[in-house]
Amino acid sequence: MADGIMTRPDTVGDPQILAERRQAAWDEYRSLPMPTRKSEEWRYTDLAHLDPEAFEHIVDAVVAPEPAATDDLPGAVRDVLAGSDSRGGTMIEIDGGVARLELDSAWVEAGVIFAPIALLAEQRPELLERFLFSSDVAPMERKLWALHVAALSGGYVLYVPENTHIDDPVHIIRWLSRAGVMVSTHSLIIVERGAQVTVIDEFMSEDLEGEAKSLNGVEVFGGDGALVNYLALQRFGAGVKHFSMQHANTPRDCTLNSFNVSLGADLARCDVTSHLLGPGSDSEMLALWFGGRGQHFDYHTLQHHAAPHARSDLLFKGALTDRADSVFRGLIRVDEGAQLTDAYQTNRNLLLSPDSEATTLPSLEIAADDVKCSHGATVGQVDEHQLFYLTSRGLTRAQAERLLVFGFFGEVLARMPVDSVRERMTDAIERKIGI
Amino acid sequence: MSEFRTVARLEEIPDNGLHPVELDGVSIVLASSEGEVLALRDQCSHEEFPLSDGELVNGQVECILHGARFDLRTGAAKALPAVRPVKTYECRVVDGEIQVRL
Amino acid sequence: MPKNETVDQLGLDEYKYDFRTEDAPVYKAEKGLSEEVVRQISAHKDEPEWMLEFRLRALEIFYSKPMPDWGGDLDTLNLDEIYFYLKPQDQMERSWDDVPENIKETFERLGIPEAERKILAGVGAQFESEMVYHSLKEEWEEQGIIFESIEDGLRKHPEIFREYFATIVPPADNKFAALNSAVWSGGSFVYIPKGVKVDIPLQAYFRVNAEQMGQFERTLIIVEDGAEAQYIEGCTAPVYTTESFHSGVIEIIVKPQARFRYTTIQNWSNNMYNLVTQRSMVHEDASMEWVDGNLGSKLTMKYPSCFLVGDRAHGEILSIAYAGDGQHQDTGGKVVHAAPETTSLIVSKSISKGTGRSSYRGLCKVYEGAVGSKSNVECDALLMNETSRTDTYPYIEIDENQSSIGHEASVSKVGEEQLFYLMSRGMSEEQAMTMIVRGFIEPIAKELPLEYAIELNRLIELEMEGSVG
């Protein structure tokens, strides 16, 4: 790791709490061995190529004193803004630094906080003290998590007070501008009792000449009866390697849903965990990916039922073409005493080319007896009979194939809670299929 | 087809032993067996482990990871868990230099 | 079971194979594993030099490989406390009358001569480390079938033996395959010539009698083109407070158009570690079926596998596991599709009761080029108590888009409605439970030979005893 950056984490300007946690994470990072492909969790993604030394770390990225003018934003970001119906709040992050952050004044008055982490450390240290980096991260993820924390570039906190319902989505656009950097971003979402919000984290870049790394941590903490829809849209260009670690912490009667879309990057490793901690908690976990070129997607999911009477439902669907490959490794874990659990897990894969490859490992670990748990996984191709039928109705083979791929994703897209995002993702997939 | 190129000197390979080399970014394992030198792709067809970490056993190269074995001449899989052959390369010895053609 | 009959009236012992005969071996190696022990085993078998070399190399591989960090808990398995070789008699017998009294008594209690009087094509019996008895009906011998102890296979048919031995499960495959390769003793050598069809099973019984015993049988089966046969093995041991250890390796080659079925009814006592590698290579248009019943042992780790290397080869694994108090059944199956149009099916059913834990672990791999391959995996787990546990770990690796792969698994407890219904028809809760469990495993139990199906049913009744209330 380059001197001056990671050997001595530069905590100048960090609020104390951040500095402490960063230092602890750095110590942990150095003490842990790098996981190798011999460990099950990293069997399909080789962290040896993570090579943090080879990148310029953007630590303590700046918060712009003045919000960036729309004209100064990258074209792709402007396009997204134009199509966004996120009047709840918007943040534009460029290489981990905050270029613009807006929150509707009505929500400010209601006590909603939407701010860079560093800023909140000064205003509400007790919130950070309690929640920041406090999720239960699995041992095999700790090395990467520690790196993420130690190398934190920036990130935001969204705090929604009791019984406040933010009707429009809060939209965060994270732009990566150049090769050669490692950016580490964090999303801390705290939603009090009975409150509701939908958050969109959108990751973008152009195709880069060279390689860049994106580390991302997400922590969602719900209060009793809260409802959060969290959407992660990964639309990086070529050259990016993206590592996302998402933790939803769900107490009594709380619903935390997640929706991951992966279309971009060369490599995207995504760990999605729902900790079902209270009775009546609920988590719907959805994802879709469409891989081309030599893209590699590696999804790890955990539905951890630590309390009785909770429900989780996971549906992950991926289609692959060219030389793309994907891994799904999912686990439902039901602790002893977590009776009356309802947990489902489905992974379906569509292989559209001879050189694409899908690996799926849906697992169950069940230590309570009064449960309903099932899982299913399939890997297959576009149905020849359906193709034949459609071509006999006058469609070209390409058109028919495209239609069937959409049919395949339709089941997931239909459950997308934000209409405008559904439309944009549909367009993006359409462009990518390009059949 | 490309030309024969020198990848090692004969004395670098132990008798009835293995020796890894690289040519144009391709990992190759040289095997010296009964006075002859043969060249194979240095990657087991089972889990892509380098064959050069393994051993020569009864004229076959054995992967150390799970014991898969391959014929030195044809690259054919001779023991499970491998089911696919590994690629072989033309190989000759000229004036004590081992030459391989990709 | 008639509805007025209770489990008690069946009069079954807790574990009916818990008896032992006096320990009178003609040779017993020192406790623990060493090069010396390996050399002694080889010397006792008067083997060719190459086999001793093979063993010694395997021992090195065993030492070099780490213990698996997945599956069951192996911490309490202390290999220093195990006897790796125990020779019960000087020679193997062909006539039942010549088997020593104490051993004969054991097998009579297990019902072996009885079974043979029935319709079996051949019977083998292993006691501790050696096959003590092997016989094949004349009519089959005349057709060229070879059914011998593995040692006699090596002695009498060295060429066939050497051509196939350790090509299906090489020593380096896994730590316990390496161990078996170093200390193997006993097991069967089976050769079914081209076109010969044996419609009745060959059967082998494996008995561990002594305390702290390790049994390491090695079986090699070659089924030539167009031949058909099946093989059944049963395993039992007395209960000891110390640990016993069984680690077998089974290698099967099924040639083009041939069919073979291998059935295991594993009913080791609950102090047995059972770590077995069973693998088959299936050629074009051939079919291999594993029927795997794991009822006994403390910990079993066993995943019968089919490598489908020829076009249109078919593999099937039917697995049933029962994990009672303190037991862990880590079982499943592997199918590797390496040729076009290959098909496979895995059906796994497990029951966990008390503190029992059953884990399904499986692999379905499709290589690029295995166009048109189809595989389906179904796993069902039944949990009887709050303290029971089940896991499912299927690995699915697909490198060919022209294929169709499916996996489904479900976990459930015995349904209240079903129980209520049956009890309203006059059954006790225990009887109702028994019936539900029987129904659950029925799809696999019906694949078993009659005597084993009956035994399985009895076992379930026995295990259900006291499960209520």
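Reader: Helix H8 (residues 175–183) of chain C: how many of the nine residues are buried?
Author: Nine of the nine, so H8(C) is largely enclosed by the rest of the structure. Buried means 20 or more other C-beta atoms within 10 Å of the residue's own; exposed means 12 or fewer, partly exposed is in between, and C-beta atoms are placed from the backbone. Helices are DSSP runs of H or I with at least four residues, strands are E runs of at least two, and both are numbered from the N terminus. This is a predicted model, where local features need pLDDT of at least 70, side-chain atom pairs count only at pLDDT 80 or more, and totals for chains, interfaces and linings use all residues. Residues are numbered from 1 along each chain as its sequence is written, and chains are lettered from A and ligands numbered from 1 in the order in which they are written.

Reader: What covers the buried residues of H8(C)?
Author: The cover includes helices H1 (35–44) and H2 (49–64) of chain C. It also includes strands S9 (218–223), S12 (249–254) and S14 (272–282) of chain C. Among the buried residues are Lys175(C), Phe176(C) and Asn180(C).

Reader: New topic. How many residues of chain A are in contact with chain C?
Author: 30 residues of chain A, against 29 of chain C. Contact means C-beta atoms, placed from the backbone, within 7 Å.

Reader: Which elements of chain A give two or more residues to that side?
Author: Strands S19 (357–366) and S20 (371–380) of chain A.

Reader: And how does S19(A) pair with strand S23 (residues 389–398) of chain C?
Author: In the antiparallel sense, over six bridges. Pairing takes at least two DSSP bridges between two strands. Thr359(A) has Glu397(C) as its bridge partner in S23(C).

Reader: Ser404(C): where is that found?
Author: In strand S24 (residues 403–413) of chain C. Leaving out residues up to four places away in sequence, Ser404(C) touches Gly380(A) and Lys374(C).

Reader: Why is Ser404(C) classed as partly exposed?
Author: Because 17 other C-beta atoms lie within 10 Å of Ser404(C).

Reader: Confidence check. What pLDDT does chain A average?
Author: 88, and 95% of the residues score at least 70. pLDDT is the predictor's confidence in each residue, from 0 to 100.

Reader: Where does pLDDT stay under 50 in chain A?
Author: Over residues 1–12 of chain A. The model has 21 contacts beyond four places in sequence for that stretch. Where pLDDT is low, predicted coordinates should not be read in detail.

How values were computed: Two residues are in contact if their C-beta atoms, placed from the backbone, lie within 7 Å.
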